[in-house]
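Subject: Structure handover

Hello,

Here is the structure for you to take over.

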Amino acid sequence: MNLTQVAIKNKSLFFSLLIIVLFGGMSAFNDMPRDDMPPFMIRTVSIVSVFPGASPERVELLVTDAIEKVVQEIPEVDYIASESRTGISIVTVNIKESEFDLQPIFDRIRRKVETVQKQLPSGVNPVVNDELGDVFGILIGLVADGYTYAELKTIADEVKDELIKIPQAAKVDIVGTQPERIYLEFDDARLADLGLSKTEVENLLKGTNTLFSGGDIRIGDERVILEPSGNFESVTDLEQMVLSNSSGELIRLGDVATVQRGYLDPPESRVRVNGQTGVVIGINLKKGGNIVQLGSEVDQQLEMFKQVFPIGVDFFRASSQDYTVDKTVGDFVVNLVQSIVVVLATMLVFLGLRTGLVVASLIPASIVLSIMLMTLLKVGLNQVSLAALIIALGMLVDNAIVMSESMLVKMEKGDSGTEAAISSCKELSVPLLISSLTTSAAFLAFYLAESTLGEIMGQIFLVVTSALLSSWVMSLTIIPLLGIMFIRVSPKRQEEKQKLGLMERARNIYKKLILFCLKRPAILIVSVVILFSLSLWGMKFLPFIFMPDSEKAVISVNLELPIGTAIEKTDQVVQQIENFIHAELLVIPERPEGVVSWSSYVGEGAPKYDLGYNPPEANSYSAHILINTTSDSFNQTVIDQIDSYCLDHFPDLKAVVSRLKTGGGSADPISIRVAGKDPLILDPIVAKIKKQLRSIDGTKNVADDWGMRVKKIVVKIDPLRLQLAGITNQDVALSLQTMLIGADVGDYREGDQIIPIVMINSDRKKLTIEQLESLPINSQGGALNVPLKQVADINLIWQPAKILRRDLYRTVAVTSGLNAGNTASDVTGKLIPWLETEKQNWPRGYTYEVGGESEDSADAMGAVFDKLPISFFVIVLLLIGQFNSIRKAAIVLLTIPLGLIGVVGGLLVAKSYFGFMAFLGLISLAGIVINNAIVLIDRIQIEMDEYQREPGEAIVEAGLQRFRPIILTTATTSLGLIPLWVSGGLMWEPMAIGIIFGLLFATILTLLFVPTLYKIFFRVKV
């Protein structure tokens, strides 16, 4: 079927369809989901088990090991990492990146954990969390000067109830609230004077504070519920509760204990917003939603809240992904418009007004149709999809240029516009389709790659394919229709051809070069081989950065003190850092660049506000500060100053101050994992690795993830002395718990809130290690009371702070940050040879693995390389199908390496770097080079078949005929990518540079190299 002929016969229908496409595409553009980057699956499940009081070794042996062994039976599991520390086990299960249907796997993990629960110690209940991928793109800080935590929580709950109603919101979470408690603070001496024991008070409280149904009674034809009183209605009720001692005396609880309402002490976490105590409310975008629209709706709600709540209640944006996305998408749309303008101008300059406008009309039509196809493919607007449109922009006009050029040539020879259009379609429809498909197939490996970056960058394949197929359809329909209407070939054209314009002079130079190369092919072949070899050699001078850090105006500060540090101390350190930020970095009139706002999270991580951030499990010794700055250009200054302040003031603090990671990469750029059984053997190995890392220039914050050993007090109970005293192990544990951290003795109900009642010793904060020996131990019946020293000995020992494992093996990760201007590849390149030498001296069974950026790049690049053969075979089959010749297909494939010459040269000249994005540019460049080679070889065959030229003459004529379309394609693609290079950011810079320089160089060689190879392969005489 001749598509052009159909379009000409039904031109009214096609123009109507074009109008529908234009309006439909614009409507689809407004409704498309918007996000910073394409979403990707988080294939991680966390299993958290609490085992109060157990040492890391006991947690590892009794809990972690059992869970790991059942979970590893699931074949879809990639690897298992675990952390065992005092009282808690955290098992992280990572699913293979080749898996996409995750829910059945998550369900099987849950069932496996349920089967092992009966093997775990009593009271240990593992909690499986498979929602680690939820991103709270908008964080709202809520502060209320003079309000209590309880009042703050009440306000936060009201705000949450309203925000969850927003159509674009999927989930709303609150962090930073302080759990309330009713404390009964007793004094042992006072209880003893009154003839009471802690156990008697506890039992009486539990028996008094009840809430049971009393049944019902029939009254006439009705049954009426009986509700006996008994539960506490107020704190006063609790104080007025009557106790009876062994002598029968009645005593009020308020006379023997201080009853007060307070908060969990010590607190589990604290949150501050711009230095003020508050809470943070995180809002999660629904799947396929528009983060910009969500932000707008949230802002409207916040304005309403400001009118409803009293003065003193303030709301701040702690994280605003919607602002970032709006700016990023806006900037990329500007880049796209700039690219369109550049391409349009190029068309008008080289093709003239009429032909240039005809060809240029393809751009908006193809882009709008592409947007409609993107909507069908569920591709939203983000950095990747918009960059893909920019990449495709220069390529999609290629079809229109070739088609219009063919029509011009035929019309010059006397054909009518209609005849020229139909004939050109018959001649070019298949070659143009094949060239579009081969270009698209070059990106197929990224779409098929089973990796996180494959999921992110796979959208490029979908967008480029949509754009090129849209271009192909439009080139065979709209371009011929407009060409017939507007392109005119006057008799003067033959005279004008005698005038040597820029293109004509370039063609004459090209003709001389091609004849020279055809007569002396060895010179060209040897030159290409030398240049290609030089490019491979030049690769070693390019810095390797797998993926650059995010360029958002956001800084992440992860703080970690020695394990076991009290949360009060951690909070004190964070406050000092906050004071420094306020005094030295906060934006003020005299300091227009700096920190705009911040929020700090002590004892827990922030809600997951970015795909590149993974909050840790709650603990007392770590904190996180999320900082918003004026711009990315000032980020490094803020990072350096906070880094320096922490280093100068807190020698035992590990502070990782950095930009956010792109694409979910590792938090540490350098990581060496050492595995083995015995910590006593691992410790010296790890110490030597840390020492070697510190000796390498560019490293900072060198540490290991096990940390230093910590103190533990062991209460060694003597069974014989225990038996003689008439008490049990449980009596000892419960008595110590009540004395030191408190014992839950019931609940106080207030509205819909349930507040635990905690009985605790009033002197708990004054106790010293020496005084522990005299702590009274009560039997559960309350009749016996003996000092702890009578039944146990107290010893101070050292133990590992935590035990980390990977795939059942104890593993210590040595990590390091990087100073500005250094790369992970440089450091690991110096470290690995040393490690290989050292490894020879390690005991059998002790090994190392390189993690961090090296592992990320190997996994991502490896996933793409695994799928490259598929792309290659698709391209080969398309080429053989097009030419029905293996030799012609081989000629096209041999042109692919030409792109590397320009890519390496361009990156070196521009002082850029090589990484995943440069590799992406190299692959896309290969698709464009193949495209040019196809149309050139196809023209050689046309010259021989239709115009009966000799092979040598056909080669030269084909080169001259395809010279202008190929040059114009190169010009439009290269010039169209300049905005992406200039303002696309550090992430897109190497890709744009690679394509621009690679294409400029590859085009020159393609125009000479392909004809020369054709001459050699087919033994053509010139």
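**Ground rules**

This is a predicted model, with residues numbered from 1 along each chain as its sequence is written. Local features need pLDDT of at least 70 and side-chain atom pairs count only at pLDDT 80 or more, while totals for chains, interfaces and linings use all residues; side-chain values use heavy atoms, without hydrogens and water.

**Overall**

The protein has 34 helices and 30 strands. Both are DSSP runs numbered from the N terminus: helices are H or I with at least four residues, strands are E with at least two. Along the principal axes, the C-alpha atoms fill a box of roughly 125 × 80 × 60 Å. Of the 1022 residues, 54% count as buried. Buried means under 20% relative accessible area, exposed means over 50%, and partly exposed lies in between (1.4 Å probe, protein chains only).

**Helices**

Start with α17, residues 452-486. This helix has 35 residues and reaches 49 Å from its first C-alpha to its last. That is close to the 51 Å expected at 1.5 Å a residue. (The expected span is 1.5 Å times one less than the number of residues.) α17 bends by about 45° at Ser-475. The bend is the angle between axes fitted to the seven residues ending at a position and the seven starting there. Of the 35 residues of α17, 30 are buried, so the helix is largely enclosed by the rest of the structure. At its start, a side-chain oxygen of Ser-451 comes within 3.0 Å of the backbone nitrogen of Gly-454.

Helix α15 covers residues 417-441. Its 25 residues should span 36 Å, and the end C-alpha atoms are 34 Å apart, which agrees. α15 bends by about 45° at Leu-428. A proline, Pro-431, follows within four residues.

Met-407 sits in helix α14, residues 383-412. Met-407 counts as buried because its relative accessibility is 1%. Met-407 and Cys-425 are 18 residues apart along the chain, and their C-alpha atoms are separated by 9.3 Å.

**Surface**

Which residues make the nonpolar surface patch of about 660 Å²? They are Val-526, Ile-530, Leu-531, Leu-534, Trp-537, Phe-541 and Leu-908. Patch residues have over 30% relative accessible area and no salt bridge; nonpolar side chains (Val, Leu, Ile, Met, Phe, Trp, Tyr) are joined within 5 Å, like charges within 9 Å. A salt bridge puts a side-chain nitrogen of Lys or Arg within 4 Å of a carboxyl oxygen of Asp or Glu. Helix α20 (residues 521-538) gives the most to the patch, with five residues. Phe-541 lies in the loop between α20 and β16 (554-560). Phe-541 is partly exposed because its relative accessible area is 47%.

**Loops and backbone**

Asp-265 and Pro-266 are joined by a cis peptide bond, with omega about 0°. Pro-266 lies in the loop between β12 (257-263) and β13 (270-273).

Asp-807 is not a glycine, yet its phi is positive, about 55°. Asp-807 lies in the loop between β28 (802-806) and β29 (809-818). At 36% relative accessibility, Asp-807 is partly exposed. Leu-808 is also found in the loop between β28 and β29. Its phi is positive too, about 75°, although Leu-808 is not a glycine. Leu-808 is partly exposed, at 26% relative accessible area.

Best wishes

Technical notes:
Areas by Shrake-Rupley, 256 points an atom, 1.4 Å probe, with all protein chains shown as cover. Polar contact = N/O pair within 3.5 Å; in protein donor to acceptor, adjacent residues only side chain to side chain.
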